[in-house]
Protein chains: 2
Amino acid sequence: MSSEGPFGSCPAPVTERDVVLLGHGSGGVLTSRLLADVFLPAFSNPILARLDDQACLELEGARIAFTTDCYVVTPLFFPGGDIGRLAVNGTINDLAMGGARPRYLSVGFILEEGLPLEVLRRVVASMRDAAFEAGVSIVTGDTKVVGRGSADKLFVNTSGIGLVPEGVELSARRVQPGDAVLVSGSIGDHGMAIMAARESLGLEGDLQSDTAPLHGLVEALLAVCPDTHALRDPTRGGVNATLHEIAVAAGVGVEIAEGAAPVREPVRGACEILGLDPLSVANEGKLVAFVPEPLAELALAGLRGHPLGLESVRLGTVTAEHPGRVLVRTILGSRRVLEQPYGELLPRIC
Amino acid sequence: MSSEGPFGSCPAPVTERDVVLLGHGSGGVLTSRLLADVFLPAFSNPILARLDDQACLELEGARIAFTTDCYVVTPLFFPGGDIGRLAVNGTINDLAMGGARPRYLSVGFILEEGLPLEVLRRVVASMRDAAFEAGVSIVTGDTKVVGRGSADKLFVNTSGIGLVPEGVELSARRVQPGDAVLVSGSIGDHGMAIMAARESLGLEGDLQSDTAPLHGLVEALLAVCPDTHALRDPTRGGVNATLHEIAVAAGVGVEIAEGAAPVREPVRGACEILGLDPLSVANEGKLVAFVPEPLAELALAGLRGHPLGLESVRLGTVTAEHPGRVLVRTILGSRRVLEQPYGELLPRIC
């Protein structure tokens, strides 16, 4: 499997006979195209057009962040977490990437007829625990049931509301040439844990999802570096998709050093077996930060001072050259283009 | 099919071997039980415990309503609307029932691999139109794709944020004996339109969904009757489920007059053929209002002054007797208990 994904040679979906592909949900090229072709033209408004992970709204003087995510991960339970914890943490993280303090979540369930109630109870208990640990309240909800075979067990939507403190202004638009690019720890853990949990692969070892709520880490960063330009949690499509997303949104290039991102040994091994690049594998408890160059060391120290950021490192630099592209500087000093993930490397990862 | 639904004689789901039934998504007894047994104990907090259609939050002085809904209606397109319009209007209505002015929506899609992109485009265009007509903006979103057979075509989640004007205080808790119960027009239209659109039933005639955004109607009502106690949109389980929900939440009884609610002729005919009670059939563009008795005529006039409330009528009265129960006073003057819908009359109605 190349980093282009199985649909690397598909024609672009432009005729009305075209259909939804798994890759449209991958966070890669196909996802960007769906956004550009279908959603943005229809729902055009200045807030959505920012393409941040959350909408930032002004409501009677309050600065409110608002976000939504659907979760279809399979299996429902995996080493290090489950769909419930993932849904709570994931929505918290989308709020946190806007600098917001997460406050309230909604939860919507789509259940397949025949799902054991015990499974639902476990997922709900996990959401309760994750919400409690992160200090957010689940304040409204909805449940729908569909017949057997019309859904795969259980899907969750979580939407969230947070408060953006005064002075905080995080957005892809603020990223500029010269910015340092940081990552808050090892990459690829979540994606490879999901792969391992799908028994058919027979992978073993201590692969564990890194799912975690990142708002505390963001607060630690903003305390020392309030002028941070942008934050992203590199979920679907991994750090690779995130860097491309920022490069396109901000009209800049990104250059990273080969091997700069920490990769845990079992993740590296599993990636090698499967021919995957850890840069393109999903994370659920890491962030990528874009900070002004002079503040890079301070920001790193801030991240490392938090339990979730101990292994933070510098990944690279934002450039004025090659806008929209991501380059990897190899150990020998040459540069190669990092291909954006095209379709689906790992379906239903979140 | 009795008004108890096909699971009328099922044992109560209390052991851990029990499974999710279609009826758990019906808005009836099974839904209430799932809420009471699984969700409320886990997510307990004072906001959720109010059991209103929306959470009312105080955020830095702003009074914010927040709500979420998943949509799994089948077919995706039906006379009078489609899943996109339904999702936008439905979430607007949940906000409006709290007296909120709807402002911002999120949208989350779960798509089945192989869905024609043209179907997605039509749904998105419909959401755009419905949002524009109602004056709300879709500001954030998410898309997931699952493999063929893991979902039925397309599911939507819409979550919404609105502003609650000062002085407005709508909640089931405020309903009290003596309150008049009003309904804003004919009942059962949405449910029977969906039934007719499922070809296998071979129903014909001009059955049309009543899907509509109700915030304008609510404003018209509150302008003349700011002391309205509670509002509900009688969706799943119809007016029947709504009256039971309020009766239980407020610890009151409700008594309605037989035949008081307007039922359009094709709806009445289709209900007779199928043995359904229009009181238990879903609406998507009607509201039920609980207002102080002395203001009942004023409130009715307010509702009738709006295009969506022309056929508003008084349905009955809230009583101190028989708390938690709904009684129907027959034309002959006797009273009978209206059975709460138990399971699923019409699966995947919204």
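Trainee: In this predicted model, how do you know that helix H3 and helix H4 of chain B pack against each other, and at what angle?

Mentor: Two packed helices are described by the angle between their axes and the distance between the axes. For H3 (residues 83-96) and H4 (residues 117-134) of chain B, the angle is about 35 degrees and the axes lie 7 Å apart. The crossing of H3(B) and H4(B) is right-handed.

Trainee: Which residues make the contact between H3(B) and H4(B)?

Mentor: Contact requires heavy atoms within 4.5 Å. On the H3(B) side, the residues include B:Ile83, B:Ala87, B:Val88 and B:Ile92, and those they meet in H4(B) include B:Val123, B:Met127, B:Ala130 and B:Ala134. By class, the residues of this contact divide into 9 nonpolar, 3 polar and 3 charged.

Trainee: How is the crossing of H5(B) and H8(B) described, as left-handed or right-handed?

Mentor: H5(B) passes H8(B) in a left-handed crossing. The axes of H5 (residues 189-197) and H8 (residues 265-274) of chain B come within 10 Å and cross at roughly 65 degrees. B:Asp189, B:Met192 and B:Met195 in H5(B) meet B:Val267, B:Ala270, B:Cys271 and B:Leu274 in H8(B). That contact has 6 nonpolar residues, no polar ones and 1 charged residue.

Trainee: What makes both faces of strand E8 of chain B count as covered?

Mentor: In a regular strand the side chains alternate between the two faces of the sheet. In E8 (residues 180-183) of chain B, B:Ala180 and B:Leu182 are on one side, B:Val181 and B:Val183 are on the other, and all are buried. Buried means under 20% relative accessible area.

Trainee: Which strands pair with E8(B), and in what sense?

Mentor: Pairing requires at least two bridges. E8(B) and E11 (residues 288-291) of chain B have 4 bridges and pair in the antiparallel sense. Another 4 bridges join E8(B) to E12 (residues 313-319) of chain B, again antiparallel. B:Val181 stands opposite B:Phe290 in E11(B) and opposite B:Gly316 in E12(B).

Trainee: What makes the bond from A:Thr74 to A:Pro75 a cis peptide bond?

Mentor: Its omega is near 0 degrees. A:Pro75 is found in the loop between strands E2 (62-71) and E3 (77-78) of chain A. In chain B, a cis peptide bond joins B:Thr74 and B:Pro75, with omega about 0 degrees. Most residues other than glycine have a negative phi, and most peptide bonds are trans.

Trainee: Which value of phi does A:Arg348 have, and is A:Arg348 buried or exposed?

Mentor: Phi of A:Arg348 is near 50 degrees, a positive value in a residue other than glycine. A:Arg348 has a relative accessible area of 10% and is therefore buried, the cut-off being under 20%.

Trainee: Why is B:Glu60 called exposed?

Mentor: Exposed means over 50%; B:Glu60 has a relative accessible area of 57%, so B:Glu60 is exposed. B:Glu60 also has a positive phi, about 50 degrees, although it is not a glycine. B:Glu60 lies in the loop between strands E1 (55-59) and E2 of chain B.

Conventions
Residues are numbered from 1 along each chain as its sequence is written. Chains are lettered from A and ligands numbered from 1 in the order in which they are written. This is a predicted model: local features need pLDDT of at least 70, side-chain atom pairs count only at pLDDT 80 or more; totals for chains, interfaces and linings use all residues. Side-chain values use heavy atoms; hydrogens and water are left out. Axes are lines fitted to C-alpha atoms, for helices over the stretch in contact, and angles run from 0 to 180 degrees between N-to-C directions. Helices (H or I, at least four residues) and strands (E, at least two) are DSSP runs, numbered from the N terminus. A crossing is left-handed if the near helix is turned anticlockwise from the far one by less than a right angle, and right-handed if clockwise. Ala, Val, Leu, Ile, Met, Phe, Trp, Tyr, Cys and Pro count as nonpolar, Asp, Glu, Lys and Arg as charged, and the others, Gly among them, as polar. Buried means under 20% relative accessible area, exposed over 50%, partly exposed in between (1.4 Å probe, protein chains only).
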